Protein chains: 2
Amino acid sequence: MKKTDVAIVGGSAAGLTAAITARRHYPNKKIMLIRKEKLVPIPCGIPYIFGTVGSAQKNLIPDTPLEKHNVDFLIDEVVEIDREKRSVKTQGGEEIVYDKLIIATGSLPMMPPIPGFEKENVYPVYKDVERLNSMQDKMKSSKKVVVIGGGFIGVEMSDEMNKMGNLDVTICELLPHCLQLAFDSEFCAEAEKLLEERGVKILADQKVTSIEGNKKVTGVKLASGKVLEADMVVVGIGTVANVELAKKANLRLGPTGSIWVDRTMRTIDENIFSCGDCTEKFSFFGGKPSKLKLASIACSEARIAGANLFGTQRESVGTIGVFSSAIGDRAFAVAGLSENFAKQQGYEVITGTSEGPNRHPGSMPGMANQKVKLLFEKRTKVLIGTQMMGDNAVGELVNVASACIQHKMTIDDIACFQMGTHPALTASPVVYQFVNAAESALLAMS
Amino acid sequence: MKKTDVAIVGGSAAGLTAAITARRHYPNKKIMLIRKEKLVPIPCGIPYIFGTVGSAQKNLIPDTPLEKHNVDFLIDEVVEIDREKRSVKTQGGEEIVYDKLIIATGSLPMMPPIPGFEKENVYPVYKDVERLNSMQDKMKSSKKVVVIGGGFIGVEMSDEMNKMGNLDVTICELLPHCLQLAFDSEFCAEAEKLLEERGVKILADQKVTSIEGNKKVTGVKLASGKVLEADMVVVGIGTVANVELAKKANLRLGPTGSIWVDRTMRTIDENIFSCGDCTEKFSFFGGKPSKLKLASIACSEARIAGANLFGTQRESVGTIGVFSSAIGDRAFAVAGLSENFAKQQGYEVITGTSEGPNRHPGSMPGMANQKVKLLFEKRTKVLIGTQMMGDNAVGELVNVASACIQHKMTIDDIACFQMGTHPALTASPVVYQFVNAAESALLAMS
């Protein structure tokens with residue numbers, strides 16, 4: 001039997017960040033991270049294994065941060081939490097007694113209730129090096145791949161697989177547009193156009209009814225009766241919280257079936273915290289249950305859990321939902337609510353959009369068109385969402401919006417926002433799209 | 001005699017933005033912009049004329065926004081404001097009666113009190129196409145140029161002139177480092193190293209005592225007695241508010257000699273507003289007079305002035321001071337106070353720094369090292385400054401910090417900040433430098 005002050009179950013983004021945070025805040029505590037994977041893929045990097053990066057081995061979370069922060073780690077699977085004894089038991093027969101425990105068991109790929117998903121060469125995207133390797137091997141010998149799901153993971157996987165040149169890639173999406181859960185249709189349409197120009201085929205508004213083939217997949221059947229030929233199928237329709245261990249330990253689950261926590265990331269057991277994809281979340285907007293699962297949310301939660309272990313210091317404000325993606329050299333990003341989703345949630349909204357060059361003058365190198373849409377709650381004029389596209393800097397521009405959303409900035413606050421601008425780096429201060437979109441929302445009010 | 005509802009004097013960033021803002025907020029008013037320049041250079045783009053962009057004619061603020069927003073414009077110089085009659089008189093003999101007036105007369109290059117500045121081939125950087133053209137002509141036939149002043153303008157001018165290949169470029173800076181008014185010495189040193197690697201010579205901690213030569217400049221004499229040979233001298237030591245017109249009209253000036261305004265950008269005359277470089281500013285930090293002059297501040301002030309013309313809607317919060325620059329493909333940016341300056345102002349500060357790759361995994365294209373330093377007021381843990389370097393996205397990352405500074409976010413707020421991250425666009429959420437710098441500042445406290 002081993003003893004530790006802090007045990008952390010799970011070694012992906014949330015577990016690792018929780019361990020580092022715990023070390024920073026509690027320099028004298030013994031901290032142990034237990035994970036079942038020998039090698040841990042960088043979750044957001046997975047689609048890039050199949051094109052840009054080249055292999056799962058080149059997309060690993062290094063162990064050096066654990067070593068550097070003096071975190072013990074054990075590669076073994078935790079199979080039981082004994083809440084009374086305050087211990088965890090592992091597959092390998094170890095028992096580790098903890099003072100505080102953090103569960104960061106992440107998520108597993110969601111499988112749709114459609115016959116045929118067990119067939120050979122159907123690949124849900126597991127965060128597992130061996131499975132990713134076998135998927136990549138198959139990819140090299142395939143000719144036609146169907147990607148089920150046109151969300152971020154499906155879009156990124158398709159674009160990367162398509163880049164390799166040997167594959168005919170088709171996305172099947174249930175909704176009328178790819179990326180529709182994040183973006184309004186005008187942004188979805190731009191992303192789809194880019195993908196198609198790059199050679200990815202898109203079949204939107206299409207329900208998959210079965211996976212065809214005997215032992216091995218041969219095609220994907222749609223509700224229309226049409227069968228898409230495929231020697232490989234990738235499934236990217238989302239993930240579900242991995243709560244098996246928590247359930248077995250009788251920890252409370254929340255309304256979406258993830259591990260319930262309060263705003264300090266504490267479960268119903270005062271000595272057990274949970275963070276990351278396995279954890280129940282609530283929306284920054286109105287506090288409703290939120291199904292968002294993002295590495296960036298996981299890390300924010302881990303920094304709350306890790307700091308609160310031996311004294312409450314931090315509280316979650318709920319998920320804002322900030323994400324970005326890239327198709328070629330074009331970046332797409334979103335923070336907060338889309339117009340579509342906000343209306344569904346009962347918000348009365350006004351929007352403003354601004355579009356123009358991201359350099360000044362426009363002849364500066366790196367010039368690209370940048371488009372920013374802002375969404376405000378009509379009565380209070382508070383910012384509740386943004387959608388953007390442009391060059392790579394949009395990956396940070398969306399974080400400007402995130403900070404403004406978190407602080408409930410209004411149209412006028414944003415119109416007077418003091419941003420830095422530079423000819424070689426940003427739009428001109430006169431046309432700065434983030435600010436001008438606010439001004440154009442004001443016009444829409446009058 | 002002409003009549004207008006709104007007259008705006010000055011056609012650079014502030015004047016143009018004030019005109020557009022006035023139009024947006026007051027769709028039925030007659031708005032007239034009067035400027036003396038036929039062609040208006042984009043102020044921040046001026047250094048790039050001499051290298052990347054190629055000519056002053058390619059760095060102009062277009063007139064299309066004025067036309068698009070139905071703003072009349074007159075190219076003529078306003079020589080007098082008659083506050084009683086509410087009219088302005090021009091060099092060309094026009095008299096224009098206004099209801100509201102916005103002064104946006106900008107700034108002029110500062111000239112140091114050193115003998116010899118009147119000599120031929122000494123160039124203060126005027127925002128004037130003809131002068132810029134003649135400067136560029138001279139540059140083409142020169143061999144040795146000395147740039148007096150190692151602030152942003154001096155550094156950018158030097159790097160661009162050096163890029164052309166035919167010039168030997170030396171910066172003379174009075175302070176121990178270039179860029180020292182904005183950055184702490186560790187960032188200055190990095191910028192200087194880059195500049196020197198690119199071929200620019202730097203003489204810091206050097207006082208210029210005179211400009212040598214008969215009619216034409218032949219050299220620059222330093223306090224040490226050393227003379228730097230030069231057939232061209234560029235002066236970039238800052239700018240002074242152009243307040244001649246305001247002074248003549250007996251408008252009140254502020255402690256730095258610029259046009260005094262209240263927080264709504266109104267002068268002591270209730271019908272006259274002022275915005276941009278000609279306008280007195282106060283610091284976001286403690287409200288002290290601020291000498292900062294930036295196009296982005298000018299535009300923010302213009303959006304306040306333009307909106308408030310016929311009804312007060314917006315107030316200035318004071319200058320945060322957000323700026324960025326680039327040396328080659330490396331960007332440098334700052335928001336708020338530097339450590340050095342904060343201490344001079346009596347702040348007790350703690351700092352945190354984080355450095356690492358801006359992509360995840362590091363093998364993603366565009367990988368560059370990114371460094372973020374954050375500065376907090378010690379007792380309240382409120383963010384008061386940041387300095388950054390990295391790739392072009394640092395131009396927007398610094399605006400994340402600006403939003404956080406404006407909302408007085410604390411170390412813990414930033415540690416839990418919800419940023420979007422993506423392998424192709426940003427640092428990993430685990431090492432995201434803006435957040436980790438906050439965590440490391442916490443460590444520094446304990």
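Biologist: In this predicted model, through which surface do the copies meet?

Modeller: Compare the interface residues of the two chains. Of those in chain B, 100% are also interface residues in chain A, so the copies meet through the same surface.

Biologist: What kind of axis relates the two copies?

Modeller: In general, copies of a chain are related by a rotation about an axis and a shift along it. Here chain B can be laid on chain A by a turn of 180° and a shift of 0.0 Å along the axis, with an RMSD of 0.0 Å. The two copies are thus related as by a two-fold rotation axis.

Biologist: Which element gives the largest share of the side of chain B that touches chain A?

Modeller: The contact takes 68 residues from chain B and 68 residues from chain A. On the side of chain B, the elements that give two or more residues include helix 1 (13-25), helix 8 (295-308), strand 22 (322-327) and helix 10 (394-406) of chain B. The largest share is ten residues, and it comes from helix 10 of chain B.

Biologist: How many residues on that side of chain B are nonpolar, polar and charged?

Modeller: The side of chain B that touches chain A takes in 68 residues of chain B. They divide into seven charged, 24 polar and 37 nonpolar.

Biologist: Is helix 10 of chain A largely enclosed or largely open?

Modeller: Helix 10 (residues 394-406) of chain A has 13 residues and reaches 18 Å from its first C-alpha to its last, close to the 18 Å expected. After helix 10 of chain A comes A:Lys408, with a positive phi near 50°. Because 13 of the 13 residues of helix 10 of chain A are buried, the rest of the structure leaves this helix largely enclosed.

Biologist: Which strands of chain A are the edge strands of the five-strand open sheet?

Modeller: The order in this antiparallel sheet of chain A is 22-23-26-25-24. An edge strand pairs on one side only, and this holds for strand 22 (322-327) and strand 24 (349-357) of chain A.

Biologist: Which helix packs on this sheet, touching strand 24 and strand 25 of chain A?

Modeller: Strand 24 and strand 25 (residues 369-377) of chain A pair in the antiparallel sense over nine bridges. A:Thr351 stands opposite A:Leu375 in strand 25 of chain A. The helix that touches both strands has a direction at about 140° to that of strand 24 of chain A, and is helix 12 (residues 433-445) of chain A.

Terms used: Residues numbered from 1 in each chain as written. Chains lettered and ligands numbered in written order. Predicted model: local features only at pLDDT ≥ 70, side-chain atom pairs only at ≥ 80, totals over all residues. Helix = DSSP H or I, 4+ residues; strand = E, 2+ residues; numbered from the N terminus. Expected span 1.5 Å × (residues − 1). Buried ≥ 20, exposed ≤ 12 C-beta atoms within 10 Å, placed from the backbone. Pairing = 2+ DSSP bridges. Contact = placed C-beta atoms within 7 Å. Axes fitted to C-alpha atoms, helices over the stretch in contact; angles between N-to-C directions. Least-squares fit on C-alpha atoms with pLDDT ≥ 70 in both. Nonpolar A, V, L, I, M, F, W, Y, C, P; charged D, E, K, R; others polar.
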